[in-house]
Amino acid sequence: MPMGVAMQFPAGLLSGVARALPWTPSLSCTCISHSSVRCGLVFSEAKFPSRVLADVENEAFVVRRSYGLFSTGKRTEGSRKKIKLLVRAEDGIERSWVRRGDNLKRFDSRGGLRRGLENQQTCECCQVGWSRINADREISSSSTGVSASASSTAYPTEENVIEKGTSVSIVGDMIDYLNASWTPFHATAEAKRILLEAGFQQIREEDEWDVRPGGRYFFTRNMSSIFAFAVGERYEIGKGFNVVAAHTDSPCPKLKPVSANTKAGFLSVGVQTYGGGLWHTWFDRDLSVAGRVLVHRKGRGVVHELVKVDRPIMRIPTLAIHLDRTVNTDGFKPNLESHLAPVLATNIKSELAHEGSNGAVYSLNKSHHPLLLQILSEELECKPGDIADFELNVCDVQPSCIGGARNEFIFSGRLDNLASSYCALRGLVDSCKNPAALADESSIRVVALFDNEEVGSDSAQGASSPTMFHAMKRIIHCLTRGASSEGIVERTLRRSFLVSADMAHAVHPNYAERHEEHHQPKLHEGLVLKHNANQRYATTSVTAFLFKEVARLAGVPTQEFVVRNDMGCGSTIGPILASGIGIRTVDCGMPQLSMHSVREMCGTKDVDLAYRHFSAFYRLFTSVDEKLQIDS
């Protein structure tokens, strides 16, 4: 593009973008009228990314997304009250940024609102407010224009949050993570991507390990669980592991090994229920499938690949009230075997699709509908006959989003427990992002994300497996080669500490009596420490004190929870790992509503408080632990 051509871009939109740009932009106001508001960036040809094709005539601009995609688009004409920016990203999704009044919100072709955050920034020359995304950059203003530098150190960053306790939100990034992580396989793949981008080294359980002080490593098991750790530069023999553990699975229907059902002229899909879901919430939702598929690839054999059909292809319709007159008095009580089967298509439409496929699909195994296999093959860009097997979850296609009158809630599926998983992962990654962050650390920082918690954890990739114990032993042996020391593994485990992070029950405004009177966790008030005298939670007075001491030093609040004596109590991976390994454990979680529903909700502030708490745990626990002596 010609030198010095102005690229049209809303000034407020820069705030959430400049920090990610690979070059340093300068911002100048080019407003020409109040009826057609224009605030734009000025780029020189040398600084503009070569991979982006700029359409100058259509006033193109670029947006750098957090997952590494560039978007290109143009500003369409609009009034002072509503301006629309169309963006089509490399992932093929068309997104629209729409300014209505003082709020900037983004919609995409999937039909969902992604975010609508506040913190208004006003253009000095036209006095028009634009919401600032994530509020992570301050724009310095003057009567002649505004300027910003991507290299400035005056703004809050993840490093500043960890080192100085300043405030920056990870909520937007977590929503991206939730929308990408429809299944434990996708959640693990996203975690792997984040770790690799942060400089962690992938190792395999099947290989010999070479773990060294200052190193950062991770491995996956079954591609549905992941174990990451960072070794302190000043590691001392016998120092412990500081662990935050969560789980990647959530209740959902899963396809049966033989899923093809035909009844009353419809093709339906046979499913089995996974975990303790609120199954009535799955009715009348726009559904699809996602999971892993084993595919025959030429020259590569059978390959594990992930699939996510990102459009509604199924639905579980409810029975009309005219045919079920007592449903509102007797309650909705579906039979999970016969009433929970999602409808895929009608027989007639399926046969028409078959006629257009030259019969190729019918050469496949009859365990699943050929139409479903055809959809999967289109997503995977393979032939239906190349699909060897799969594990598929039924998923709600509605994207996760920020909501509430004041944008204070997150509405999403799988908050239990991907919200904990993401906060723990980011806490570890950001606590050692700076090369000097591990310089004074003498312990080992760990995040462990297990599968199958919702069904008891009894699997090779669940918390009941010896995965974490075996990994700890191998790490200890690598770090103590050549050293003869009695009971080194046992001593290390006794100096280790586990934070079992799983979502907690916030008090429900319509059912407040279901909570014990003095233990009613609220949204926006921090992590909830869970207690149970019968050891359904592993928290003790000692572990609670240590975790709350970290919170005190980090300046974050905590809450307490016990279940009523006349109600049953759930459990977590905390007691499993505490009893299996003998590690000191505290059970905690972010407060949420609608747990195990197809759509859950939590507070945006609690996400950031959990992130700050976990980050502080990794940084501070080694020194905090030295202040308390038990069994001495």
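**Ser268.** I started with Ser268, which counts as buried at 12% relative accessibility (buried is under 20% relative accessible area, exposed over 50%, partly exposed in between, with a 1.4 Å probe and protein chains only). This is a predicted model, where local features need pLDDT of at least 70, side-chain atom pairs count only at pLDDT 80 or more, and totals for chains, interfaces and linings use all residues. Residues are numbered from 1 along each chain as its sequence is written, and side-chain values use heavy atoms, with hydrogens and water left out.

I found Ser268 in strand S18, residues 266-274 (strands are DSSP runs of E, at least two residues, and helices are runs of H or I, at least four, numbered from the N terminus). Which residues does Ser268 touch, leaving aside its neighbours within four places in sequence? I listed Ser259, Ala260, Asn261, Ala341, Pro342, Val343, Leu344 and His369 (contact is heavy atoms within 4.5 Å). I also looked up Val343 by C-alpha: 4.3 Å from Ser268 in space, 75 residues apart in sequence.

**Helix H6.** Next I checked H6, residues 370-380, and noted that eight of its eleven residues are buried. Those are Pro370, Leu371, Leu372, Leu373, Ile375, Leu376, Ser377 and Leu380. Just after H6, I saw that Glu381 has a positive phi of about 55°.

**H10 and H12.** How do the axes of H10 and H12 cross? For H10 (residues 541-554) and H12 (residues 604-625), I have the axes coming within 9 Å and crossing at roughly 110° (axes are lines fitted to C-alpha atoms, for helices over the stretch in contact, with angles from 0 to 180 degrees between N-to-C directions). That makes H10 roughly perpendicular to H12 (65 to 115 degrees; under 35 is roughly parallel, over 145 roughly antiparallel, the rest oblique).

On the H10 side of the contact I wrote down Leu546, Phe547, Glu549, Val550, Ala551, Leu553 and Ala554. The H12 residues they meet include Phe614, Phe617, Leu620 and Phe621. By class, I get twelve nonpolar, one polar and three charged residues in this contact (Ala, Val, Leu, Ile, Met, Phe, Trp, Tyr, Cys and Pro are nonpolar, Asp, Glu, Lys and Arg charged, and the others, Gly among them, polar).

**Cysteines.** How many disulfides are there in the whole structure? My search gave zero (a disulfide is a pair of cysteine sulfur atoms within 2.5 Å). For Cys423, the closest cysteine sulfur is in Cys602, 8.4 Å away, so that is too far for a bond. I noted Cys423 as buried, at 0% relative accessible area, and Cys432 as buried at 2% relative accessibility.
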